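Take a look at the chain shown here.

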Amino acid sequence: MSATPEHQDPVEAGVGPEPTEEPEFRPYHHPAAGWGAADSVTRFMVREGALMHGPRAIMRMNHENTGFDCPGCAWPDDTKGLHLDICENGIKHVTWEMTRKRVDRAFFAAHSVTELSGWSDYDLENQGRLTEPMVYDPDTDHYVPISWKDAFARVGRALRALDSPHRASYYTSGRLGNEATFLYQLMARELGTNNLPDCSNMCHEASGRALTASLGTGKGTVDLKDWEATDALFILGVNAASNAPRMLTALAEAYDRGAQVVHINPLVEAAATRAIIPHDFKDMATFHATPTSTLNLQPRIGGDMALLRGMAKAVLEQSASDPKALDREFIERHTAGFEEYRALCEATPWETVERQSGVGRADILKAARVYREADRSIVSWCLGVTQHEHGVDTVREIVNLLLLRGNLGREGAGPSPVRGHSNVQGNRTCGIDHRPDPEFLDRLAEACTIDPPREHGLDTVRTIEAMRRGEVRVFVAMGGNFALAAPDTPVTYEALRACDLTVQVSTKLNRSHVVHGRQALILPCLGRTEKDEQRKGLQSTSVEDSMSMVHLSVGMKRPASPHLLSEPAIVAGMARAALPDSATPWEWYIEDYDRIRDTMSRALDGFEDFNRRVRLPLGFRIKQPARELVFLTPSGRAEFSTAELPDVVPAPGTLALGTMRSHDQWNTTIYSDNDRYRGIKNLRTLVFMNEDDMRERGIAKLDPVDITSTAKDGSHRHLHGYLAIPYDIPRGCAAGYMPEMNVLCALGDYSTQSDQPIMKHVRVTIDPAA
């Protein structure tokens with residue numbers, strides 16, 4: 001299979017605004033955040049016309065139970081009551097949502113879908129907020145207005161007409177609030193299916209499966225107070241300055257109090273050097289930057305597991321002469337499989353560790369020494385660890401390392417996955433799971449008096465496969481931009497177009513609205529910043545951050561249009577139309593979201609007394625048995641894993657390519673063609689390469705190159721004319737931006753451990769452009 005820009009639809013040829021200037025690359029040597037972030041935010045607010053209402057929104061963002069939760073990342077709210085707990089990307093995300101631009105019926109009357117298909121993704125989203133429900137008219141190739149009543153009726157008819165409830169699939173992005181999430185999964189299960197794919201299937205599925213296998217819980221065990229108390233932080237596969245910028249505060253504070261901060265990533269990102277925290281006015285005034293690392297290690301792409309194995313091997317070797325290197329009491333009382341793991345580490349040669357990690361023994365020993373000498377350690381990771389074939393094994397290796405020194409169940413220690421989107425963890429907690437636990441289904445059945453299906457449903461990859469085969473006929477998406485977020489772009493487009501009906505619940509126009517089924521609906525919803533008025537007054541919704549804190553979010557701005565509905569109201573409208581005889585009180589729930597939370601408190605383990613506890617300062621933390629050293633595993637103990645190291649060394653002539661965001665981007669939303677922290681201006685169609693790899697191929701800086709990926713089945717995918725950027729990245733590795741490079745990841749190239757698309761480990765060849 002060949003998927004090149006010139007062979008695809010016009011939509012696949014470019015993402016982002018058209019460059020108006022020549023591409024530039026100048027290595028970035030400045031601190032993260034600081035005045036660079038302030039200048040970027042100011043320019044962005046000027047461009048979006050938000051200098052008046054933008055600052056007001058900023059002062060309401062992330063305030064405990066009185067403001068709205070940032071719709072960006074899932075980093076926890078500051079425990080010290082910081083009044084400026086904000087970041088550059090969060091402000092951009094909010095300003096983007098609060099734009100005064102509108103996409104109304106006049107806009108759709110003026111532009112056909114065929115015309116819009118040729119627009120860049122930046123230009124689509126930059127048109128502004130959607131204002132009313134629209135339906136696709138195939139006779140005119142335009143979206144035309146439709147009433148909410150008629151829109152819901154169309155959804156209901158399509159779902160009732162299916163010969164099996166499994167002919168529909170219900171996707172969820174990470175921004176959906178807990179109340180809407182709960183109603184959405186309730187609708188799907190009352191209809192009779194567990195086809196509930198979500199963005200976790202593409203990001204942290206490996207983390208959940210690994211932590212469940214090792215500890216009996218699918219989540220990290222630490223909170224922000226632990227980050228404030230730890231002696232050593234190990235940060236793997238995370239570009240914190242862009243993906244979780246508020247983490248910079250924790251990194252700088254850790255350094256200031258003398259903690260060790262070790263970054264492990266193929267690229268040394270800006271967050272792994274130094275930062276000026278914008279709300280530290282003294283540092284801003286004096287341009288004082290604080291280091292955010294004490295050690296940087298650059299493994300090859302996919303080499304994290306071998307590096308971790310090397311650290312564990314070093315700790316075990318040291319224990320022969322220093323009994324304190326291991327926490328033997330913890331290991332004996334709380335773990336299973338230690339002797340097998342020790343034997344595996346001893347049998348793994350250092351030569352193998354060095355070759356597979358791409359890091360020399362001396363540097364691995366430095367990291368091991370930091371770990372061994374720290375009384376309390378936290379290991380944190382993101383998609384650089386999970387989006388690999390062996391992502392589950394790598395996360396389990398993280399747990400192995402932590403168990404050796406008892407870094408679990410005590411302050412300042414434990415595993416800490418960094419979730420990327422604001423409520424992606426809450427979505428899973430509140431029932432968005434294609435493989436639900438029987439215990440959850442039992443509680444749901446009792447609380448909601450339904451008989452939920454027990455068989456597993458479809459995840460993201462298998463939903464695309466089923467749509468393509470014609471087995472899934474209706475696709476509903478709550479938020480997100482599925483067409484661009486999924487792998488194998490042309491195949492995903494083909495799958496969406498094969499549906500009888502696609503339904504997109506959205507705030508802004510995006511690619512998924514112009515790549516649609518034979519029938520298509522756009523249902524516009526309120527944004528996180530907007531007031532949600534229902535019959536019983538102003539409503540709040542709840543979200544869960546990446547450290548299991550659940551808190552309220554209350555909008556403060558007048559809705560972009562009087563015709564917008566809240567996400568819970570849209571779900572309830574679709575549910576009532578699809579289930580006209582349902583005993584579920586859909587309309588009653590929407591009058592007052594406290595009623596939804598009361599039902600959730602009966603259905604969800606850990607949500608007891610939900611309405612009271614969520615109104616406490618900073619909300620409440622969901623109980624974590626493993627944090628209390630209670631392990632819901634077959635052995636009743638934390639379990640060491642004994643996976644062999646995978647071979648991640650690229651074959652001769654090939655490179656391992658990982659996709660990533662630019663700095664001026666949030667998921668598939670792109671704010672500009674710039675990437676400040678990597679020194680890029682006016683360019684997204686690029687590939688970062690090691691200079692020796694470039695020289696070997698006869699490629700110079702900013703030369704155009706052709707990129708070819710080879711899938712597991714031997715098929716090929718191509719990108720042409722990308723510009724090569726010399727970068728500090730290990731030999732045999734390359735990197736570039738998603739979603740443009742998603743085309744290179746075949747749909748069938750997903751992990752057999754987690755079912756996640758292998759976005760961070762695509763096998764490619766790169767040659768001078770033909």
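## Contacts around Tyr 170

Two residues are in contact when heavy atoms lie within 4.5 Å. By that rule, Tyr 170 touches Leu 159, Tyr 184, Met 187, Ala 188, Leu 191, Thr 193, Asn 195, Leu 196, Pro 197 and Val 476. Residues up to four places away in sequence are left out of this list.

## How confident is the model?

This is a predicted model. The protein chain has an average pLDDT of 92. Of its residues, 94% score at least 70.

Where pLDDT is low, the predicted coordinates should not be read in detail.

In soluble globular proteins, nonpolar side chains tend to be buried together. Here the largest nonpolar core has 62 residues. Leu 159, Tyr 170, Phe 182, Leu 521, Leu 523 and Met 574 have the most contacts inside that core.

A second core is separate and has 50 residues. Among them are Leu 307, Phe 338, Leu 344 and Ile 364.

## A sheet and its helix

Which order do the strands of the open sheet follow? The order is 21-22-23, with antiparallel pairing across the 3 strands. Strand 21 (541-544) and strand 23 (620-621) are the edges, and each pairs on one side only.

Helix 8 (residues 178-191) packs on this sheet and touches strand 21 and strand 22. The directions of helix 8 and strand 21 make about 90 degrees. Strand 22 (residues 549-553) is joined to strand 23 by 2 bridges. Val 550 stands opposite Phe 620 of strand 23.

Terms used: Residues numbered from 1 in each chain as written. Predicted model: local features only at pLDDT ≥ 70, side-chain atom pairs only at ≥ 80, totals over all residues. Heavy atoms only, no water. Pairing = 2+ DSSP bridges. Helix = DSSP H or I, 4+ residues; strand = E, 2+ residues; numbered from the N terminus. Axes fitted to C-alpha atoms, helices over the stretch in contact; angles between N-to-C directions. Core = buried A, V, L, I, M, F, W, Y, C linked by side-chain atoms within 4.5 Å. Buried < 20%, exposed > 50% of the residue type's maximum accessible area, 1.4 Å probe, protein only. pLDDT = per-residue confidence, 0-100.
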